[in-house]
Amino acid sequence: MYLFKTEITENRQLSPSISCLRIKAAEDFCRKAAPGKFVMLGNDNELSDPLLKRPFGISNWGNDWFEVVIKIIGKGTAQLARLRRGAAVSVNGPLGTGYPPPTCATCDNDNETLILVAGGIGIASIASCLLPVAANRYLKKPTVLLFGAAVENELVLLDEIKQSTAGLRIETITDDGSSGRRGFVTDLLKNELENSTALTFACGPEPMLKSVQQVLRSYNAQGYLSLENRMACGFGVCLGCVQAIVGNAGKGQNAKVCTQGPVFAADEVIF
Ligand SMILES: Cc1cc2nc3c(=O)[nH]c(=O)nc-3n(C[C@H](O)[C@H](O)[C@H](O)COP(=O)(O)OP(=O)(O)OC[C@H]3O[C@@H](n4cnc5c(N)ncnc54)[C@H](O)[C@@H]3O)c2cc1C
Ligand code: FES
């Protein structure tokens with residue numbers, strides 16, 4: 001884990017409330033980035049306000065840079081999303097355990113499809129399996145991206161994903177039908193699971209993840225959920241992020257999402 005001050009090299013506005021920041025970083029940091037890992041990011045202003053850094057998934061990275069995609073929610077995200085090229089930021093990361101690598105025991109079946117499910121800004125974490133060159137090993141299996149958002153202009157990063165992952169099948173859906181199909185991303189997930197054996201990675205708001213968990217259970221399918229619990233420290237000290245999970249003996253226990261997650265086996269999470 002690295003703690004450093006650096007600068008923004010680019011800010012691309014993806015929608016009225018969503019920006020993508022490219023941030024300069026050392027090669028060592030970039031080598032340790034992996035799909036599903038995150039950073040704590042702080043606006044390095046003189047007032048240190050807000051005091052605490054905020055967590056964001058590392059959506060993409062290269063040799064000496066990484067990107068985060070920020071949706072404006074409150075004070076911290078509003079400040080960060082508006083920073084311009086050259087602005088100073090503080091970074092702590094890469095943090096957490098990401099999506100399981102394809103060599104893990106649960107992912108050995110090459111015939112199964114990899115289903116990536118993104119809800120809203122959850123696309124930032126899911127994109128980390130699709131955008132960086134380092135992540136292309138995730139795509140040895142047939143892969144489909146299912147992306148749901150409230151409205152069409154929140155279906156961000158699709159052009160970048162299409163460019164980096166030629167031939168990827170992408171299905172989108174919005175709450176209001178503005179992208180052509182109305183409904184929830186879990187409707188798309190049910191369709192996929194009807195037709196194939198699959199491993200699913202999902203990231204999005206808690207109600208969506210809860211619903212993904214129920215769908216996976218009903219199809220007896222395996223998956224992983226990336227949680228977005230509120231975090232104060234990001235490295236296991238404050239206990240601000242705890243999540244009830246099923247422990248070893250089948251009993252409930254608390255897990256720190258920042259260090260034991262944010263990615264958990266879907267069946268492990270107790271919502
Ligand atoms: C591991 C992880 C990865 C994340 N990745 C991304 C990402 O890639 N892009 C992105 O835009 N966001 C991401 N988030 C969420 C992001 O960190 C929060 O939106 C941000 O911390 C809000 O800060 P704020 O100062 O703008 O809002 P605040 O002023 O702190 O809060 C504004 C309002 O939002 C609510 N709120 C804040 N954070 C959360 C949360 N995590 N869950 C539910 N409600 C919340 C507060 O209760 C409050 O009502 C991630 C969170 C985690 C834990
Ligand atoms: S955010 Fe502090 S322990 Fe997880």
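Leu 146 is found in strand E9 (residues 143-149); helices (H or I, at least four residues) and strands (E, at least two) are DSSP runs, numbered from the N terminus. The model is predicted, so local features need pLDDT of at least 70 and side-chain atom pairs count only at pLDDT 80 or more, while totals for chains, interfaces and linings use all residues. Residues are numbered from 1 along each chain as its sequence is written, and chains are lettered from A and ligands numbered from 1 in the order in which they are written.

**Exercise 1.** Work out whether Leu 146 counts as buried or exposed, and list what Leu 146 touches.

*Step 1.* Start with the cut-offs: a residue is buried if 20 or more other C-beta atoms lie within 10 Å of its own, exposed if 12 or fewer, and partly exposed in between, with C-beta atoms placed from the backbone.

*Step 2.* Leu 146 has 25 C-beta neighbours inside 10 Å, so it counts as buried.

*Step 3.* For touching, two residues are in contact if their C-beta atoms, placed from the backbone, lie within 7 Å. Not counting residues up to four places away in sequence, Leu 146 touches Ile 115, Leu 116, Val 117, Glu 171, Val 185, Leu 188, Leu 189 and Glu 192.

**Exercise 2.** Now try helix H5 (residues 185-195): which residues are buried, and where do they lie around the axis?

*Step 1.* The buried residues of H5 are Val 185, Thr 186, Leu 188, Leu 189, Glu 192 and Leu 193.

*Step 2.* Looking down the axis of H5, these buried residues fall within an arc of 150°, so they line one face of the helix; the arc is that of the directions from the helix axis to the C-beta atoms.

*Step 3.* On the face of H5 turned away from its buried side are the exposed residues Lys 190, Asn 191, Glu 194 and Asn 195.

*Step 4.* As packing partners, the buried residues of H5 have strand E8 (113-119), E9, strand E10 (169-174), strand E11 (198-203) and helix H6 (206-218).

**Exercise 3.** Give the strand order of the open sheet of seven strands, and find its edges.

*Step 1.* The order is E4-E3-E7-E1-E2-E6-E5, with antiparallel pairing; two strands pair if DSSP finds at least two bridges between them.

*Step 2.* E4 and strand E5 (60-61) stand at the edges, each with a single partner strand, so one side of each is left without a neighbour in the sheet.

*Step 3.* For one pair in detail, strand E1 (residues 2-15) and strand E2 (residues 18-24) run antiparallel and are joined by six bridges. Ile 8 stands opposite Ile 23 in E2.
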